[in-house]
Amino acid sequence: MTGMLERLPSLRDVRCFVTVSELRSFSAAARSLGLSQPAISQAVGRFERALGCRLLERSSRSVRLSAAGEALLAPARSLLTEAGALLAAADRWSAAPGPTITLAYPPMLGTFAARIARRLTRRQPGAEVLLRSAGQREAAELAATGTVTAAILAAPVPLHLTAIPLFTVMIDRLAVPTGDPLAQRRSLGPAALTGRRVLVPAHRPAGGPWPALVAALPPRSPYPAADDLEDPSAALDLVAARIALLPLPSLVADTVRRPDVRFVPLAEPPPPLRFRLAWAADAQDPAVLILAQAVQRLLQTR
């Protein structure tokens with residue numbers, strides 16, 4: 001086997017033979033490969049001497065394959081294909097590993113987070129992109145400790161984090177049980193909620209939509225607080241069980257298919273939720289810049 005391998009010609013000579021065979025012309029092969037015609041002739045001659053047989057019949061007007069050339073053309077093509085696969089695999093193994101980018105995001109923005117991950121994997125070969133669904137307080141802590149590269153947070157963002165603005169989301173729908181009389185309304189104003197239980201988050205920072213929404217509710221409308229309101233699925237289970245009604249964005253409502261819940265427009269929606277991308281103020285990880293650029297470019301093209 002060792003002696004046979006030593007007879008193998010260079011891949012360049014094999015490619016010259018295959019190209020001449022396919023084009024039936026030394027001059028055309030030279031143009032195709034960017035080489036001189038004498039260089040092509042020399043390469044084919046070396047290939048023939050290495051194999052010990054004549055592969056091409058030449059004349060002043062034409063070039064054609066000999067019987068040996070006909071038999072060896074397919075193996076020569078396979079050799080080039082396998083060599084290309086070997087080099088491509090080697091390039092993948094030798095390439096420097098890409099960055100690891102971890103993004104924490106609120107459950108309602110799962111589709112948007114997935115689009116960010118797809119963009120990063122396309123634009124950053126070798127990058128490992130990890131997504132982590134988390135509520136506001138957990139995501140802020142993950143970003144502050146550097147456990148994640150960055151987090152998408154609703155404003156206001158804690159002062160110890162660096163943040164850039166992303167987009168706003170309107171709280172413009174009210175989830176009600178399918179059999180509830182409110183489910184038949186075209187829209188709902190605050191007066192329609194008199195005496196009804198409306199579910200709002202336990203944490204309602206100033207400047208966000210929730211304080212304004214609570215202030216707009218009729219006096220006799222209790223609003224039970226829930227720490228897990230950031231999980232739309234769990235909150236909608238409470239709606240279906242007729243425990244409370246749930247204000248939420250159409251961004252979420254448009255992705256939910258539940259026969260036991262209806263989403264009715266709010267006639268007077270509160271101020272929008274404002275989302276920002278946030279990370280630790282002292283972060284030195286270049287993955288932060290890569291992530292921030294990917295998110296902003298995605299927003300520009302959506």
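## Exercises on helix packing and sheets

Phe 26, Ser 27, Ala 29, Ala 30 and Leu 33 of H3 meet Gln 37, Ile 40, Ser 41 and Val 44 of H4. Contact here means heavy atoms within 4.5 Å. Helices (H or I, at least four residues) and strands (E, at least two) are DSSP runs, numbered from the N terminus. The model is predicted: local features need pLDDT of at least 70, side-chain atom pairs count only at pLDDT 80 or more, and totals for chains, interfaces and linings use all residues. Residues are numbered from 1 along each chain as its sequence is written, and side-chain values use heavy atoms, with hydrogens and water left out.

**Exercise 1.** Describe how H3 and H4 pack.

*Solution.* 
- Two packed helices are described by the angle between their axes and the distance between the axes.
- Axes are lines fitted to C-alpha atoms, for helices over the stretch in contact; angles run from 0 to 180 degrees between N-to-C directions.
- Helix H3 spans residues 26–33 and helix H4 residues 37–51; their angle is about 105° and their axes are 8 Å apart.
- Angles under 35 degrees count as roughly parallel, over 145 as roughly antiparallel, 65 to 115 as roughly perpendicular and the rest as oblique.
- H3 and H4 are therefore roughly perpendicular to each other.

**Exercise 2.** Check the span of helix H2 (residues 11–23), then list its buried residues.

*Solution.* 
- The expected span is 1.5 Å times one less than the number of residues.
- For the 13 residues of H2 this gives 18 Å, and the end C-alpha atoms are 18 Å apart, so the two agree.
- Buried means under 20% relative accessible area, exposed over 50%, partly exposed in between (1.4 Å probe, protein chains only).
- Asp 13, Val 14, Cys 16, Phe 17, Val 18, Thr 19, Val 20 and Ser 21 of H2 are buried.
- Arg 24 follows H2 with a positive phi, near 55°.

**Exercise 3.** Work out the strand order of the five-stranded sheet, then place its helices.

*Solution.* 
- Two strands pair if DSSP finds at least two bridges between them.
- The sheet is open, its order is S4-S3-S5-S12-S6, and its pairing is mixed.
- Strand S4 (128–133) and strand S6 (161–169) are the edges, each pairing on one side only.
- From one strand to the next, the twist averages 20°.
- Strand S3 (residues 100–105) runs parallel to S4, joined by six bridges.
- Ala 104 has Arg 132 in S4 as its bridge partner.
- Helix H6 (residues 110–123) packs on this sheet, touching S3, S4, strand S5 (150–154) and S6; its direction makes about 170° with that of S4.
- Helix H7 (residues 136–145) lies across S3, S4, S5, S6 and strand S12 (273–280), at about 145° to S5.
- Of the six residues of S3, five are buried.

**Exercise 4.** Describe the packing of H6 against H11.

*Solution.* 
- H6 and helix H11 (residues 286–301) pack at about 115°, with axes 10 Å apart.
- They are therefore roughly perpendicular to each other.
- Contacts from H6 include Phe 112, Ile 116 and Leu 120; among those in H11 are Ile 290, Ala 294 and Leu 298.
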